[in-house]
Amino acid sequence: DQHIVRDYEMLKALAKKKEVNLDDKHIGYLEIQYLYARSYFNDEKPSGILKEAVDYYLKQAAQYWTSENIYMQGMLCLVLNRYDNANTAKAIIRSLNERALRSEEMGMYWKRDRGYYWFDAPIETQALLIEAFDEVDGDVNKIN
């Protein structure tokens, strides 16, 4: 929480100096992973500057989810659903569903090049997207 507040306050200070525009994209892997982790503790509502920072990054998530990779889109889908933005979460699920490949042998999956980072691993991506489809879509056939 302290880290996200510090980053948000630095961003606001830069915006005050007119060095950045707060409406531009300022959400990345760190902020997405923060929101994902925080969404597991949604019963502990933030207040003050932390609430302002979380709200800002949630707004950024809803606005810029299309520019993220499949894994981060899955995270954002779960985050937005948990923070009562079901419309955007369902839009992400629809998009993921449209881009999914299907085969009898492998079921539903997403073809990606293996990257360097842990979140580029196909198993990690598949597991997260199963979680997203389970929580947001609930279609047992897709999940299986």
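Okay, so a salt bridge here is a side-chain nitrogen of Lys or Arg within 4 Å of a carboxyl oxygen of Asp or Glu. Keep that in mind while we go through this one, which is a predicted model.

By that rule we get 8 salt bridges. The one I want to show you is K25 with E68, where the closest N and O atoms sit 2.8 Å apart. What does that pair link? Distant parts of the chain. K25 is in the loop between α1 and α2, and E68 is in the loop between α3 and α4, so the two are 43 residues apart.

Take α2, residues 29-39, and α3, residues 48-64: their axes come within 11 Å and cross at roughly 115 degrees. That makes α2 roughly perpendicular to α3, because angles of 65 to 115 degrees get that label. And the crossing of α2 and α3 is left-handed.

Who's touching whom? On the α2 side we've got E31, Y34, L35 and R38, and on the α3 side L50, V54, Y57 and L58. Sort the residues in that contact by class and there are 6 nonpolar ones, 2 charged ones and no polar ones.

Last bit, confidence. The mean pLDDT of the protein is 92, with 96% of its residues at 70 or more.

Key:
Residues are numbered from 1 along each chain as its sequence is written. This is a predicted model: local features need pLDDT of at least 70, side-chain atom pairs count only at pLDDT 80 or more; totals for chains, interfaces and linings use all residues. Side-chain values use heavy atoms; hydrogens and water are left out. Axes are lines fitted to C-alpha atoms, for helices over the stretch in contact, and angles run from 0 to 180 degrees between N-to-C directions. Helices (H or I, at least four residues) and strands (E, at least two) are DSSP runs, numbered from the N terminus. Angles under 35 degrees count as roughly parallel, over 145 as roughly antiparallel, 65 to 115 as roughly perpendicular and the rest as oblique. A crossing is left-handed if the near helix is turned anticlockwise from the far one by less than a right angle, and right-handed if clockwise. Contact means heavy atoms within 4.5 Å. Ala, Val, Leu, Ile, Met, Phe, Trp, Tyr, Cys and Pro count as nonpolar, Asp, Glu, Lys and Arg as charged, and the others, Gly among them, as polar. pLDDT is the predictor's confidence in each residue, from 0 to 100.
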